[in-house]
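User: I would like to learn how to read helix and strand packing, and a ligand shell. Can we go through one model together?

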Amino acid sequence: MGLNNESRLRKLEHVDVVLKERVEGPNTTWFEYVFLVHQASSEIPLSIVNIETSFLKKVLKAPLIITGMTGGAPGTEEINGKLAEAAEKFGIALGVGSQRAAVEDPGVEQTFRIVREYAKNVPVIGNIGAHEFVRYDLDKISKLIEMINADALAVHLNLTQEVAQPEGTPDFSGLMSKVRLYTREFSTPLMIKEVGQGLSYEVVKELSEAGVKIFDVAGAGGTNWVLVEKYRARKKNDKLKELIAENVADWGIPTAASIIEARRAAPESVIIGSGGIRSSVDAVKALRIGADLVGLAAPVLRAYYGGYLEEFLQAFIHGIKALVALTGSKDLNELRRKPVVITSILREWLACRGFSV
Ligand SMILES: Cc1cc2nc3c(=O)[nH]c(=O)nc-3n(C[C@H](O)[C@H](O)[C@H](O)COP(=O)(O)O)c2cc1C
């Protein structure tokens, strides 16, 4: 079997495992240590709450992005098409999954290109793993952007997953110099994202000094790729890899801590809070502690397969508006000035890291 087929099948296996197995945790997001204060007499009617947010020179109706998941395999054209249709309808941003399969086999480009048939006005983000990003020449990188007329290109740092993956390639050497080259040569912004272990202050600081202005923290507490790899290894009867995955499954920076770290490291950058955002309450907490927008992956996929994608997004966005009103705020700027209570482990984490609470 050629590499093309292998990487395509892997994408399908990932979707299957995410839908069927328990792949979240064992860490939590630490949003349970963050509280916003309910204001019972708020006189802000929902009709005047404005949660619009500008992102990549476009205005989103809600501070939301469906983060990169799929493309490149049979059946993924339909998923990406439906996600794009929903993103356009609700005025939110959309990422595609790793475009590596389409670089290796242009025959599957349409599974990515489809997003632009629907998402005509909202930002669309391309995607490639750091391992490939370092190795691709500038022509190949341009192709990723052109394929979907991307508003930004996301490079995902999935080192923990690579370590735990049967066919993984845990080697990012050359990353920083390639990021510097990219930010010099390309006008399309670069986004750096994790995939479930979170971005630290140090990583965000170094990359922002290299010219990156958008970070998606994808912290621990949501979809855990090490657990995804554990179940894949189990299916293949690869006991060694299954045990390796189990041994590192609780590695990572919980999402709430990662958002605060990223915001401290890059005060002027766009910070996307993601990784285990499962309710509108999680979302407003993320927006209050430093996120400009929030990202969702697995819950959107489950809603798509469950046949309730639009209701899911409508309820989620309605919930954000309602909670902004319940803090006594008219918009996200006001929300960000409202009191926040940070307790317990998260408070200790911030103190140990030398951040004022
Ligand atoms: C089925 C699936 C496939 C994914 N594929 C990619 C990918 O190709 N590239 C990427 O950067 N992240 C990928 N992710 C990671 C998500 O973008 C996100 O960072 C992560 O799942 C955490 O968000 P969540 O807890 O809301 O799922 C994928 C996630 C899921 C659920």
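Predicted model: local features only at pLDDT ≥ 70, side-chain atom pairs only at ≥ 80, totals over all residues.

User: How many bridges join E10 to strand E11?

Analyst: Three bridges join E10 (residues 270–274) to E11 (residues 293–296). The two strands run parallel.

User: Now the helices. What describes two packed helices?

Analyst: The angle between their axes and the distance between the axes. Apply that to H14 (residues 280–289) and H16 (residues 309–326). Their axes are 8 Å apart, at an angle of about 55 degrees. H14 is therefore oblique to H16.

User: Is the crossing of H14 and H16 left-handed or right-handed, and which residues make the contact?

Analyst: H14 passes H16 in a right-handed crossing. H14 contributes Ser 280, Val 281, Ala 283 and Val 284 to the contact. H16 contributes Phe 316, Gly 319, Ile 320, Leu 323 and Val 324. By class, that contact has seven nonpolar, two polar and no charged residues.

User: What are the angle and axis distance for H2 and H16?

Analyst: H2 covers residues 76–90. The axes of H2 and H16 come within 10 Å and cross at roughly 35 degrees. This crossing is right-handed. Lys 82, Ala 86 and Phe 90 of H2 meet Leu 309, Glu 310, Leu 313 and Ile 317 of H16. The classes are five nonpolar, no polar and two charged residues.

User: Last, the ligand. How many residues surround the ligand, and which are the closest?

Analyst: 27 residues surround the ligand. The closest are Gly 97, His 156, Gly 222, Thr 223 and Ala 297.

User: Which elements each supply at least two residues of the shell, and what is its make-up by class?

Analyst: Helix H1 (3–20), strand E7 (152–157) and helix H15 (298–306) each supply at least two. By class, the shell has 12 nonpolar, 14 polar and one charged residues.

Terms used:
Residues numbered from 1 in each chain as written. Axes fitted to C-alpha atoms, helices over the stretch in contact; angles between N-to-C directions. Helix = DSSP H or I, 4+ residues; strand = E, 2+ residues; numbered from the N terminus. Parallel < 35°, antiparallel > 145°, perpendicular 65-115°, else oblique. Left-handed = near helix turned anticlockwise from the far one by under 90°. Contact = placed C-beta atoms within 7 Å. Nonpolar A, V, L, I, M, F, W, Y, C, P; charged D, E, K, R; others polar. Near = placed C-beta within 6 Å. Pairing = 2+ DSSP bridges.
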